[in-house]
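Subject: Structure handover, aromatic contacts

Hello,

Here is the structure for you to look at. My notes on its aromatic side chains follow below.

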Amino acid sequence: MKTINELINIDESGWALVTEWINDATNKIEVLPKNKKEADNALYQTQVSTRSPMGAIIYETGGLLIDHGWIRILGSGNQKLNRTLPEWNKGKTFKEYGDKPAIFLVADDVVGGFFAINGGALGDDLGNVYYFAPDALEWEPMEVGYSDFLWWTFTSDLSLFYFNTRWTGWKKQIAKINGNHGISFYPFLWTKHKNIDDLTRKIVPISEIWAFQQDALKQFNNGD
């Protein structure tokens, strides 16, 4: 594994580019302050250069909250998003730091959708981002890499992407939720329902949502 000094690129930092994108964003973005020690650890554990947008976000931020906190892009952790990118993946997509995961979780949303980079498990389009849709329980290709994914979260009309999972008054409710939690729905989003407002909502740890969805997916696959 490369040392932290080998991973920090002072002359060509990707943060300058990410900052430009943030300044041009049309969606609300909150840049969470970093903790220097945690940023060093997270960058080392992820083994990416700060020349890349991913490395820059890890090293310069505790993470990014997009559209009033609806989407959470993982960095090096913050009180509002107390999960680092590598720690969140450890035990889910790889066993030990330095392993090359078949998928790599990079962001998620408040309704239990997860964004991951394809490392080989999801198809031949290595490096592209996929979305694990909570209303379908399947990985859907977004046909973009990590950098374009960032730009998409910054500038796209997210209300169109989430048209069937946003309920009346969602902004007020998610303002009370930190980045470690999400909304669990009942009946589940993948069941038939006419209106999202008719479902019961409960705030739960995002880790519980991930584990429950993956267990449900395994059961469905075993039943095929």
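How many aromatic pairs does a search of the whole structure find? The search gives 22 aromatic pairs. Please keep in mind that this is a predicted model.

Two of the pairs are described here. In the pair of F115 and F149, the ring centres are 4.9 Å apart and the planes stand at 45 degrees, so this pair is tilted. F115 belongs to strand β5 (residues 114-118), while F149 belongs to helix α6 (residues 146-155), so the contact ties together parts that are 34 residues apart in sequence. F115 counts as buried, at 0% relative accessibility, and F149 is buried with a relative accessible area of 0%.

The other pair is W152 with F161. Their ring centres are 4.9 Å apart and their planes are at 75 degrees, so the pair is edge-to-face. F161, at 30%, is partly exposed.

The charged end of K34 sits over the ring of Y59, at 4.2 Å from the ring's centre. R83 lies over the face of W88, and the distance to the ring centre is 4.5 Å.

Regards

Conventions
Residues numbered from 1 in each chain as written. Predicted model: local features only at pLDDT ≥ 70, side-chain atom pairs only at ≥ 80, totals over all residues. Heavy atoms only, no water. Phe/Tyr/Trp six-rings, centres within 6.5 Å; stacked < 30°, edge-to-face > 60°. Helix = DSSP H or I, 4+ residues; strand = E, 2+ residues; numbered from the N terminus. Buried < 20%, exposed > 50% of the residue type's maximum accessible area, 1.4 Å probe, protein only. Lys NZ or Arg CZ within 6 Å of the ring centre and 35° of its normal.
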